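Happy to walk through this one with you. Let's take the labels one at a time and ask what stands behind each.

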Amino acid sequence: MLLRVFGATLHVIEGVRVSVEVEAGAGLPSFHIVGQADRVVFESRERIRAAFRQSGLEFPPGRVTVNLAPTGLPKVGSALDLPIALAIAGTRVELEAARLARTLFLGELGLDGGLRPVRGVLAMLGAADGAEIRQVVVARGNLGEAALAAELGALGAESLGEVLAWLRGERALETPGPARDSLAAGAPPPDLAEVHGQEAAKRALEVAAAGGHGLLFVGPPGSGKTLLARRLPGILPPLELAAALEATRIHSAAGALTSDSLLVEPPFRAPHHTISDAGMAGGGRPLRPGEISLAHRGVLFLDELPEFRRPVLEALRQPLEEGEIRVARAHGSARLPARFQLVAAMNPCPCGWRGVSARECVCLEPAVARYRGKLSGPLLDRIDLHLAVAPVPWRDMLASGRSGEGSARVRERVVAARARQARRFAGSPWQSNAELPHSKLSEHCALDAAARALLERSVGALGLSMRAFVRSLRVARTLADLDGAESLASAHVAEALGYRYAPIGV
């Protein structure tokens with residue numbers, strides 16, 4: 001007897017539908033799984049046998065062959081346990097064919113026959129086309145995540161026995177609870193008003209948030225670089241629905257979701273400087289997204305930038321330009337989304353006190369050269385805003401009350417600037433000034449006469465590369481948006497150029 005049940009597997013961050021075909025026939029007792037199954041899928045044979053015994057089900061006595069189609073695609077993970085078990089059970093008991101044909105089944109089996117949650121349910125639901133597949137059955141622990149796919153009906157079960165009873169029309173399965181705000185935000189991020197002083201750095205944060213620009217803080221220890229960077233999410237606009245779904249699917253595939261809600265706020269990722277190449281860019285076996293992709297539509301914060309290994313930093317160059325990263329390994333390749341804001345912080349030298357009058361730098365010149373040499377020129381050229389951060393005077397630290405504007409007021413200006421960009425780029429794939437391509441600069445970055453003259457003088461005087469020239473224009477466009485101006489004035493160009501090359505030695 002031949003039976004077919006639909007499941008899904010993950011290919012990095014995309015779900016691929018798997019047709020589970022089972023043939024149970026005469027012959028010596030055996031259980032074979034074919035179709036490029038990985039070790040976890042291969043081990044499901046023992047989980048399924050035990051689950052059948054504990055659920056009071058009869059396992060076919062003869063030869064059982066399971067084919068996972070398409071056979072050319074590697075099948076990974078334990079989410080195929082449930083569809084394989086159902087297909088085998090269907091050779092012994094009658095199941096409702098119509099339900100089998102329009103349902104996707106995802107879940108890991110315990111030895112007791114219970115269903116356990118699996119990683120990447122929301123990502124795997126991309127395997128359902130909405131026409132042939134109209135609903136999904138998952139473990140109860142994955143029900144909230146599955147309900148985020150509004151085009152599918154989500155059902156939850158506790159055990160293999162419950163799913164079989166539903167397929168025989170003997171009982172109903174659990175549905176998601178009352179509709180709730182799937183975009184509910186978590187705890188509020190730290191407020192910008194908690195930072196004393198550092199008005200120039202706060203301005204740079206606002207500009208970075210308004211245009212989606214990269215930002216590098218350079219300053220001595222304790223000057224507030226990390227404090228400032230961690231307040232960037234609080235002034236970023238919330239994610240639109242399409243971006244929220246995209247970011248949530250990536251986190252689902254990586255097993256990084258912490259709730260059943262969409263990621264309404266831009267992701268903020270801050271990996272440790274000991275991270276590996278694969279941890280940053282993506283990799284492993286099977287392939288998984290790295291920190292670059294987990295920061296998609298959000299912020300990637302690299303504290304102590306020169307302490308990261310050189311290959312890890314150089315992996316940032318392609319995604320900073322193209323908004324995606326191509327990962328190629330011996331066992332597979334993938335193109336992963338990576339449209340993020342890079343925010344970094346570093347000291348001016350190994351001891352951190354170079355250029356600070358209150359402390360003496362103890363670093364020798366060769367040590368300083370090696371420290372700065374860890375950052376390549378092309379990487380620094382791809383960071384739009386460079387800012388020297390000086391220590392805050394102790395009197396300002398002891399001042400009572402809150403300092404400066406709060407995140408809410410700054411966010412209002414950022415949202416207004418992003419709204420201008422949305423209207424300007426309507427119908428195009430770009431969402432912020434940082435994504436504006438070279439070919440559209442003349443159309444969207446009109447300069448008045450004074451601004452053009454200033455820019456022409458600065459290109460030669462500062463030795464700007466073509467990339468630096470383009471990025472300076474993008475920043476100037478953002479400054480004009482913050483001011484509500486249509487054309488770029490000399491003040492906008494001057495401020496943008498001032499951010500371009502802050503001294504590494506404060």
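This is a predicted model: local features need pLDDT of at least 70, side-chain atom pairs count only at pLDDT 80 or more; totals for chains, interfaces and linings use all residues.

Q: Which hand does the crossing of helix 1 and helix 2 have?
A: Helix 1 passes helix 2 in a right-handed crossing.

Q: How do you know which residues of helix 1 and helix 2 meet?
A: Contact asks for heavy atoms within 4.5 Å. On the helix 1 side, V41, S44, R47, I48 and F52 take part, and they meet D81, I84, A85, I88 and A89 in helix 2. By class, the residues of this contact are seven nonpolar, one polar and two charged.

Q: Why is E291 called buried?
A: The label buried goes to residues under 20% relative accessible area. E291 has 13% relative accessibility, so E291 counts as buried. This residue lies in helix 11 (residues 291–294). Leaving out residues up to four places away in sequence, E291 touches R269, P271, I275, G279, M280 and L300.

Q: What makes a set of residues a nonpolar core, and how many residues has the largest?
A: Members must be buried, of a nonpolar type such as Leu, Met or Phe, and joined through side-chain atoms within 4.5 Å. The largest such core has 65 residues, and those with the most contacts inside it are L106, L125, M280, L300, L302, L316 and F340. Helix 9 (residues 241–253) gives the largest share of this core, six residues.

Q: Which residues is L316 in contact with, apart from its neighbours within four places in sequence?
A: L316 is in contact with M280, I292, L300, L302, F340, L342 and L379.

Q: How many helices and strands are in the chain, and what share of its residues is buried?
A: The chain has 21 helices and 18 strands. Of its 506 residues, 52% are buried.

Q: What share of the contacts between residues at least 6 apart in sequence joins residues at least 24 apart?
A: That share is 74%. The C-alpha trace spans about 85 × 50 × 50 Å along its principal axes.

Technical notes: Residues are numbered from 1 along each chain as its sequence is written. Side-chain values use heavy atoms; hydrogens and water are left out. A crossing is left-handed if the near helix is turned anticlockwise from the far one by less than a right angle, and right-handed if clockwise. Helices (H or I, at least four residues) and strands (E, at least two) are DSSP runs, numbered from the N terminus. Ala, Val, Leu, Ile, Met, Phe, Trp, Tyr, Cys and Pro count as nonpolar, Asp, Glu, Lys and Arg as charged, and the others, Gly among them, as polar. Buried means under 20% relative accessible area, exposed over 50%, partly exposed in between (1.4 Å probe, protein chains only).
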